[in-house]
Amino acid sequence: MFRVARLHRMLAGQLLRRVGLHPSQELVMMELWDRGPQRQTDLVRLLGSDAATMTRTVRRLENSGFVRRRPSPTDRRATIVEPTAASLALREEVERIWAELESGVTAGLTPEEQAGAVRLLARMEESLTRAAEDPPGDGC
């Protein structure tokens, strides 16, 4: 499983480099494109990230001109992250990259095998989510 995840991330990185993004930056952009401007803390929650990683990711996206940060008008402690016009031009290409990535991952699988893999991965995700919420030795 580790090798598959590592290879998937490596291929994603190669494909995303074409548009100037690194793996996981496209996930932030997809949330912003789909949901509009978000508080940075909400992006942390939505993507299951941590605050430090999100801060670095947003800073890099801002330096690349893909997002803009501004103070929240309702909460002085919060930062709003919004996509720029430059990032909107990337959206279609990122969607193509994700389709290409999915195609590369499922090449050679029958539709039934693809459906089975999706079901199996969903069950594995549920198990991992439960394990992360209640780690062994937690005592709860």
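Which residues does threonine 57 touch, not counting residues up to four places away in sequence? Some notes on that and on the rest of the fold follow.

1. **What we're looking at.** This is a predicted model, so local features need pLDDT of at least 70 and side-chain atom pairs count only at pLDDT 80 or more, while totals for chains, interfaces and linings use all residues. Residues are numbered from 1 along each chain as its sequence is written, and side-chain values use heavy atoms, with hydrogens and water left out.

2. **Threonine 57.** To answer the opening question: threonine 57 touches Gln25 and Val28, leaving aside residues up to four places away in sequence (contact means heavy atoms within 4.5 Å). Threonine 57 sits in helix α4. Its relative accessibility is 9%, so threonine 57 counts as buried (buried is under 20% relative accessible area, exposed over 50%, partly exposed in between, with a 1.4 Å probe and protein chains only). Gln25 and Val28 are themselves on the list of buried residues of α2.

3. **Overall layout.** The chain has seven helices and three strands. Here helices (H or I, at least four residues) and strands (E, at least two) are DSSP runs, numbered from the N terminus. Reading from the N terminus, the order is α-α-β-α-α-β-β-α-α-α. The C-alpha atoms fill a box of roughly 50 × 45 × 20 Å along the principal axes. Of the 140 residues in the chain, 29% are buried. Take the contacts between residues at least 6 apart in sequence: 52% of them join residues at least 24 apart.

4. **The sheet.** Three strands make an open sheet, ordered β1-β3-β2, with antiparallel pairing. The edges are β1 (38-39) and β2 (67-71), each with a single partner strand, so one side of each has no neighbour in the sheet. Two strands pair if DSSP finds at least two bridges between them. β1 and β3 (residues 79-83) pair over two bridges, and glutamine 38 stands opposite valine 81 in β3. β2 and β3 are joined by five bridges; in that pairing arginine 70 has isoleucine 80 of β3 as its bridge partner. β3 is mostly covered, with four of its five residues buried.

5. **Helix α2.** This helix covers residues 25-35, and its buried residues are Gln25, Glu26, Val28, Met29, Glu31, Leu32 and Trp33. α2 lies across β1, β2 and β3, running at about 85° to β3. (Axes are lines fitted to C-alpha atoms, for helices over the stretch in contact, and angles run from 0 to 180 degrees between N-to-C directions.) After α2 comes glycine 36, whose phi is positive, near 85°.

6. **α2 against α6.** The axes of these two come within 11 Å and cross at roughly 125°. α2 and α6 are therefore oblique to each other (under 35 degrees counts as roughly parallel, over 145 as roughly antiparallel, 65 to 115 as roughly perpendicular and the rest as oblique). The crossing is left-handed, meaning that the near helix is turned anticlockwise from the far one by less than a right angle; clockwise would be right-handed. Glu26, Leu27, Met30, Trp33 and Asp34 of α2 meet Arg91, Val94 and Trp98 of α6. By class, that contact has five nonpolar, no polar and three charged residues. (Ala, Val, Leu, Ile, Met, Phe, Trp, Tyr, Cys and Pro count as nonpolar, Asp, Glu, Lys and Arg as charged, and the others, Gly among them, as polar.)

7. **α1 against α6.** Helix α1 (residues 2-17) packs on α6 (residues 91-106) at about 145°, with the axes 10 Å apart. The crossing of α1 and α6 is right-handed. On the α1 side the contact uses His8, Leu11, Ala12, Leu15 and Leu16, and on the α6 side Ile97, Glu100, Leu101 and Val105. That comes to seven nonpolar, one polar and one charged residues.

8. **α3 against α4.** The axes of α3 (residues 40-47) and α4 (residues 51-63) come within 10 Å, crossing at roughly 115°. That makes α3 roughly perpendicular to α4. The crossing of α3 and α4 is right-handed. Gln40, Leu43, Val44 and Leu47 of α3 make the contact with Ala51, Met54, Thr55 and Val58 of α4.
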